[in-house]
Amino acid sequence: MTTSEAAAIRRVLGGPGAGPGRFTAPSGIAVDPRGRVWVADTGNHRVQAFTRDGALVRVLAGRLKAPEGVAVDAAGHVYVADTGNGRVVQFSWWGGFAREFGPFERPRAVAVDAAGRLLVQDAARVARFDTRTGAALADATEPLSSPGTADDGAGGAWVADTGNHRVVHFGPA
C-alpha cells in the first residue's frame with residue numbers, strides 16, 4: 001500500500017477473530033438508511049452491524065451458515081445470502097426473523113432495488129422476488145459467472161460478473 005492509499009483510509013472495522021466486532025472472511029457489505037454498516041462475516045456464520053463510528057450495534061446469527069451477501073431496503077429490513085443453507089433470509093429492522101426465500105443452489109449476493117424487488121445472485125442466474133409479498137418474479141436470463149449485485153437506484157441492478165470479466169446492467173436504461 002502506498003502512502004497516498006494509506007492516507008485515504010478513513011476507518012477500519014474489526015480484525016481477525018471470532019469475538020464481537022471481529023471477522024473471519026468478511027464478504028458482503030451494505031449500508032442502511034441510518035448509516036449503519038452491515039457486514040456478512042462468512043467464516044463466523046453471522047452478520048454484524050456497526051455505527052458510522054465503528055460501534056457494534058447488532059449481530060444476526062444462529063441458523064446462518066457461511067453468509068456471503070447482505071442488503072438493506074429503505075425500511076431497514078436486512079436480507080442475507082445464507083450461502084451454506086441455500087437460502088436468503090429476511091430480518092425485520094429490529095433483527096427478528098421475517099421470512100426466507102429459496103431454495104437456491106448457492107446464493108452469494110443480494111440487492112434490493114428502488115421498486116422493492118430482491119435480486120439474488122444464485123450460481124449462474126439472478127433470481128428476483130417482490131419483497132412485499134415474497135412472490136417470485138422472472139429471473140434475469142443473462143448467463144453469469146460468479147457475480148456480485150448492486151441496486152442502481154433507478155429500478156435496475158448492476159452485476160459484477162467476475163468470472164466473465166465484465167459488469168452487466170439489468171432493468172431500465
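This note goes through the fold, the aromatic pairs and the charged contacts of the structure above.

1. Basis. The structure is a predicted model, in which local features need pLDDT of at least 70 and side-chain atom pairs count only at pLDDT 80 or more, while totals for chains, interfaces and linings use all residues. Residues are numbered from 1 along each chain as its sequence is written, and side-chain values use heavy atoms, with hydrogens and water left out.

2. Overall make-up. The protein chain has 1 helix and 15 strands. Both kinds of element are DSSP runs numbered from the N terminus: helices are H or I with at least four residues, strands are E with at least two. Of the 173 residues in the protein chain, 43% are buried. Buried means under 20% relative accessible area, exposed means over 50%, and partly exposed lies in between (1.4 Å probe, protein chains only).

3. Surface and contacts. Among contacts with a separation of 6 or more in the protein chain, 29% are between residues 24 or more positions apart. A contact means heavy atoms within 4.5 Å.

4. A first aromatic pair. Rings of Phe, Tyr and Trp (its six-membered ring) pair if their centres lie within 6.5 Å; planes under 30 degrees apart count as stacked, over 60 as edge-to-face and the rest as tilted. By this rule there are 5 aromatic pairs. One of them joins F23 and F50, which are tilted, at 5.8 Å centre to centre with 55° between the planes. F23 sits in the loop between α1 (3-8) and β1 (26-31) and F50 in strand β3 (residues 46-50), so this pair ties together parts 27 residues apart in sequence. F23 is buried at 9% relative accessible area, and F50 is buried at 2%.

5. How are the rings of Y79 and F101 placed? Their centres are 6.5 Å apart and their planes are at 45°, so the pair is tilted. Y79 belongs to strand β6 (residues 78-82) and F101 to strand β8 (residues 97-101), so to speak of distant parts of the chain, 22 residues apart. Y79 and F101 are both buried. Together with F104 and F129, Y79 and F101 form one aromatic cluster.

6. Charge over a ring. R63 lies over the face of F97, 5.7 Å from the ring centre. The rule asks for NZ of Lys or CZ of Arg within 6 Å of the ring centre and within 35 degrees of the ring normal.

7. Salt bridges. A salt bridge is a side-chain nitrogen of Lys or Arg within 4 Å of a carboxyl oxygen of Asp or Glu. The count by this rule is 9. One of these joins D41 and R46 at 2.7 Å, N to O, and both D41 and R46 are buried. R63, D82, R87 and E100 are linked in a network of salt bridges.

8. E68 and its partners. E68 meets R106 in a salt bridge at 2.9 Å, N to O. R106 is in the loop between β8 and β9 (107-112) and E68 in the loop between β4 (56-60) and β5 (69-72), 38 residues apart. E68 also forms a salt bridge with R108, with the closest N and O atoms 2.8 Å apart. R108 is in strand β9, so this pair ties together parts 40 residues apart in sequence. Buried or partly exposed: which applies to E68? E68 is buried, at 14% relative accessible area, whereas R106 is partly exposed at 41% and R108 is partly exposed at 29%.
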